[in-house]
Amino acid sequence: MTTPSPTPAARRRGDDVDVVVVGSGPNGLAAAVVCARAGLSVEVVEGAGTLGGGMRTQEATLPGFRHDLCSAVHPMAVASPFFAAFDLAAHGVEMLQPEVAYAQPLDGGRAGIAWRDLERTVDGLGVDGPAWRALVGRLAGSWRATADVALSDFRSLPHHPLGAASFALAVLEQGTPAWDLRFREDVAPALLTGVGSHAIAPPRRLAPAAGGLWLAGLAHAVGWPIPRGGSQSIADALVDDVRAHGGTLRTGEHVTSLGQLPRARAVLLDVAAQGLLDLAGDQLPTGYRRWLERWRYGGGVCKVDYALSGPVPWAAPDVGRAGTVHLAGTRAEMQAAERAVVAGRHAERPVVLASQPGVVDRSRAPEGSEVLWTYAHVPNGSPRDLGDAVTAQVERFAPGFSDLVLDRRVVPASRQQEQEPNNVGGDIATGAVTPWQLLMRPVPRWDPYRTPLPGVYLASASVPPGPAVHGMAGVHAAGRVLRQRFGRRVDPLDVVRGAA
């Protein structure tokens with residue numbers, strides 16, 4: 001039986017607080033929600049002028065055009081146990097489902113189309129349709145088993161071992177030279193490889209294959225939704241909940257050392273591995289610090305946002321129904337382009353990911369206009385402006401696109417940290433996507449969330465389960481805080497549900 005916690009006011013001594021959270025990204029806010037709902041006094045400190053971290057939405061080009069600054073499309077949010085417990089819909093967040101989750105245009109007006117409907121996708125892939133059903137359709141049917149592993153702390157036994165084993169076999173196929181054996185034509189493999197390109201790594205490797213298969217299965221299981229009004233709506237719902245449970249949030253306070261923070265029983269850091277080094281410095285034991293210093297960051301992104309006078313004129317019309325478009329050509333083209341990035345070179349035709357929220361959300365641009373969210377893969381820290389290269393890649397599959405551009409905003413990889421400090425060198429995954437760095441992020445410890453500093457925890461994409469808007473890194477870290485600092489042996493998800 002759990003002993004009720006005292007009220008926040010009863011615990012305060014002067015300016016003391018139970019929990020300080022540094023950073024208001026999805027994991028920081030998830031951790032704050034758990035702790036605030038557990039009855040602890042919580043203070044969130046954010047360096048930017050607005051809350052949300054990678055979930056912010058702003059007018060980045062022209063007035064009336066609202067662009068997502070980082071994350072835009074959210075299959076992981078609807079698959080996340082945290083957001084299921086939190087219930088986004090009950091908090092006013094409307095997740096809009098495009099009829100086509102994602103598309104992969106090819107030269108000659110062809111395209112791979114991943115409809116929400118699995119069988120419609122299978123029908124469109126011709127001779128490779130049955131292979132798609134056998135591989136991706138099977139994963140869609142067992143998505144909860146995959147989520148049990150993919151969104152865990154990677155330290156627990158899976159609840160669905162058979163489903164986890166089935167997923168592992170699919171990864172072994174698509175992450176090795178066997179990846180083409182089941183396909184006969186070029187559309188289906190390109191469609192699948194485009195999803196794996198979210199890892200910003202050569203696709204024929206285990207970690208990108210795992211991410212691509214997981215996301216591809218989710219497209220048919222839960223969809224790739226776009227929040228009405230932009231990703232900021234998710235952040236706003238979390239912020240409102242923290243405040244409703246007594247928490248406070250402060251913006252415009254850039255934390256440069258742990259000594260700046262108020263006294264607290266626990267500090268949760270929604271920062272990258274480099275951020276922990278910057279904040280703690282020589283306070284960290286030598287061995288732990290060296291692991292952080294060895295942490296490798298992966299390829300970066302050059303972000304290009306467009307304000308358009310109308311919809312993108314795709315040569316393959318069904319691409320216009322997709323919330324997400326992968327602009328990279330064939331599987332071979334993507335492999336070559338991503339290898340170039342890993343080698344520190346710019347691909348002649350970069351891999352470009354795009355989101356067109358107007359297919360479901362007309363509130364994002366003035367009447368008759370559109371916003372287009374894109375980024376191109378580049379070497380980490382690249383200062384190069386790829387605005388023209390991205391425009392050319394879109395134009396390749398949508399002749400006449402350039403004529404629609406009213407304005408564009410380019411943020412090179414070297415400047416990504418100005419708007420999101422965790423994206424070191426433009427790496428939106430906060431670390432090179434490899435099996436080791438996914439499982440042992442950022443150091444090989446049984447408890448990756450607890451740092452050697454008393455009461456200081458990592459709660460960011462730099463700890464399991466890694467990148468994306470799911471909040472689970474914050475949930476896992478908050479669970480450790482409740483147990484180790486406050487003696488509360490409860491499931492943090494039960495705390496969110498109000499069951500503990």
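## Close-up views of a predicted model

**View 1. Helix α12 lies oblique to helix α13.** "Oblique" is what remains once angles under 35 degrees are called roughly parallel, over 145 roughly antiparallel and 65 to 115 roughly perpendicular. Everything here comes from a predicted model, in which local features need pLDDT of at least 70 and side-chain atom pairs count only at pLDDT 80 or more, while totals for chains, interfaces and linings use all residues. Residues are numbered from 1 along each chain as its sequence is written, and side-chain values use heavy atoms, with hydrogens and water left out. Find α12 at residues 273-280 and α13 at residues 286-294: their axes come within 9 Å and cross at roughly 135 degrees. (Axes are lines fitted to C-alpha atoms, for helices over the stretch in contact, and angles run from 0 to 180 degrees between N-to-C directions; helices, H or I with at least four residues, and strands, E with at least two, are DSSP runs numbered from the N terminus.) The crossing of α12 and α13 is left-handed, that is, the near helix is turned anticlockwise from the far one by less than a right angle (clockwise would be right-handed). Where do the helices touch? A273, L276 and L277 of α12 meet Y288, R289, L292 and E293 of α13, contact meaning heavy atoms within 4.5 Å. These contact residues divide into 5 nonpolar, no polar and 2 charged. (Nonpolar covers Ala, Val, Leu, Ile, Met, Phe, Trp, Tyr, Cys and Pro; charged covers Asp, Glu, Lys and Arg; the others, Gly among them, are polar.)

**View 2. Helix α2 runs alongside helix α11 at an angle of about 25 degrees.** Residues 26-37 make up α2 and residues 232-244 make up α11, and the two axes are 9 Å apart. That angle makes α2 roughly parallel to α11. The helices pass each other in a left-handed crossing. On the α2 side, look for L29, A32, V33, A36 and R37, which meet A235, L238, V239, D241 and V242 on the α11 side. The contact of α2 with α11 has 8 nonpolar residues, no polar ones and 2 charged ones.

**View 3. Helices α9 and α10 are roughly perpendicular to each other.** Their axes come within 7 Å and cross at roughly 110 degrees. From α9, the residues L192, V195 and G196 meet P208, G212, L213, L215 and A216 of α10. This contact has 6 nonpolar and 2 polar residues, with no charged residues.

**View 4. The largest cavity has a volume of about 80 Å³.** A cavity is a set of points, on a 1 Å grid over the protein atoms alone, where a 1.4 Å probe fits but cannot get out; a pocket is an open set with protein on both sides within 12 Å along at least five of seven lines, and lining residues have an atom within 4 Å of a point. Points are joined across faces, edges and corners, and a volume is the space filled by probe spheres set on them. The model has 2 cavities of 30 Å³ or more. Around the largest cavity you will meet Q174, W179, L192, T193, G196, P203, P208, A209, G212, L213 and R331. Sorted by class, the lining has 6 nonpolar, 4 polar and 1 charged residues.

**View 5. The second largest cavity has a volume of about 40 Å³.** Its lining is made by A199, I200, G298, G299, D427, A429, G431, A432 and V433. Of these, 5 are nonpolar, 3 polar and 1 charged.

**View 6. The second largest pocket has a volume of about 650 Å³.** How many residues line the second largest pocket? There are 26, and P81, D148, S152, H159 and M472 lie nearest its centre. Helices α3 (75-79), α4 (81-86), α7 (143-150), α18 (472-486) and α19 (492-497) each supply at least two lining residues. The largest share, 5 residues, comes from α7. The lining has 15 nonpolar, 5 polar and 6 charged residues.

**View 7. Two cis peptide bonds and a positive phi sit in loops.** Another cis peptide bond joins P464 and P465, with omega about 10 degrees, and P465 is in the loop between β16 and α18. D87, a residue other than glycine, has a positive phi near 70 degrees, and D87 is found in the loop between α4 and β5 (95-96).
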